[in-house]
Amino acid sequence: MTANVPSVSSVGGFTDVKSSDYFADAVLWAVEKNITSGTSATTFSPSATCSKAQILTFLWRANGSPEPTAANPFTDIKTTDYFYKAALWAAEKSLVSGSNFGANTDCTRAMTVEYLWKAAGSPTPSAKASFTDVPINADYAQTVAWAVEKGITSGTGGGTFSHNPTCTRGQIVTFLHRAMGK
């Protein structure tokens with residue numbers, strides 16, 4: 001005799017996103033809002049890591065894909081790059097600076113919450129975050145505290161935020177959904 005185990009269905013037609021995944025609602029939201037799509041017709045690739053170009057493109061699209069007005073400050077991008085307008089928008093909003101965009105740079109969890117925080121106007125959080133791996137004087141301490149206060153993240157467990165690992169597509173859309181989708 002076999003146990004009656006409820007089946008876990010796939011979400012949005014993606015075979016790699018199950019209804020029980022923490023990022024399932026965020027994936028549906030991101031696809032519905034044209035923030036991102038799958039990596040194929042049947043896969044979302046939630047465990048794939050994200051680059052700086054990808055997160056800033058997702059964030060630009062989540063903000064309505066505004067047309068940038070400033071000249072290109074970057075020496076390493078061209079008008080045919082899929083992230084071109086997102087990069088210019090990110091520079092205009094002071095999310096990034098300098099003359100090198102670094103599109104393929106891995107986007108860490110700390111970078112992701114920093115971009116979200118800056119896009120929200122760099123608000124001052126009312127309290128400090130209490131993660132064992134976020135020193136109070138870390139460059140990203142205020143952004144992490146803000147993200148916790150806004151319910152964007154609660155860390156990775158065991159009292160840690162895990163600022164250095166590269167963000168996955170599942171994490172990125174979850175952060176965006178919690179910051180902008182509710």
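The model is predicted, so local features need pLDDT of at least 70 and side-chain atom pairs count only at pLDDT 80 or more, while totals for chains, interfaces and linings use all residues. Residues are numbered from 1 along each chain as its sequence is written, and side-chain values use heavy atoms, with hydrogens and water left out.

**Fold**
- The protein chain has six helices and two strands, taken as DSSP runs (H or I, at least four residues, for helices; E, at least two, for strands) numbered from the N terminus.
- Read from the N terminus, the order of elements is β-β-α-α-α-α-α-α.
- The C-alpha trace of the protein chain spans about 65 × 40 × 25 Å along its principal axes.

**Burial and contacts**
- Of the 182 residues, 43% count as buried, where buried means under 20% relative accessible area with a 1.4 Å probe, protein chains only, exposed means over 50%, and partly exposed lies in between.
- Contact means heavy atoms within 4.5 Å; among contacts between residues at least 6 apart in sequence, 66% join residues at least 24 apart.

**Aromatic residues**
- The count comes to six aromatic pairs, a pair being rings of Phe, Tyr and Trp (its six-membered ring) with centres within 6.5 Å, and planes under 30 degrees apart counting as stacked, over 60 as edge-to-face and the rest as tilted.
- The ring centres of Phe 83 and Phe 101 are 5.6 Å apart and their planes are at 15 degrees, so this pair is stacked.
- Phe 83 is buried at 8% relative accessibility, and Phe 101 is buried at 1%.
- Phe 74, Tyr 82, Phe 83 and Phe 101 form one aromatic cluster.
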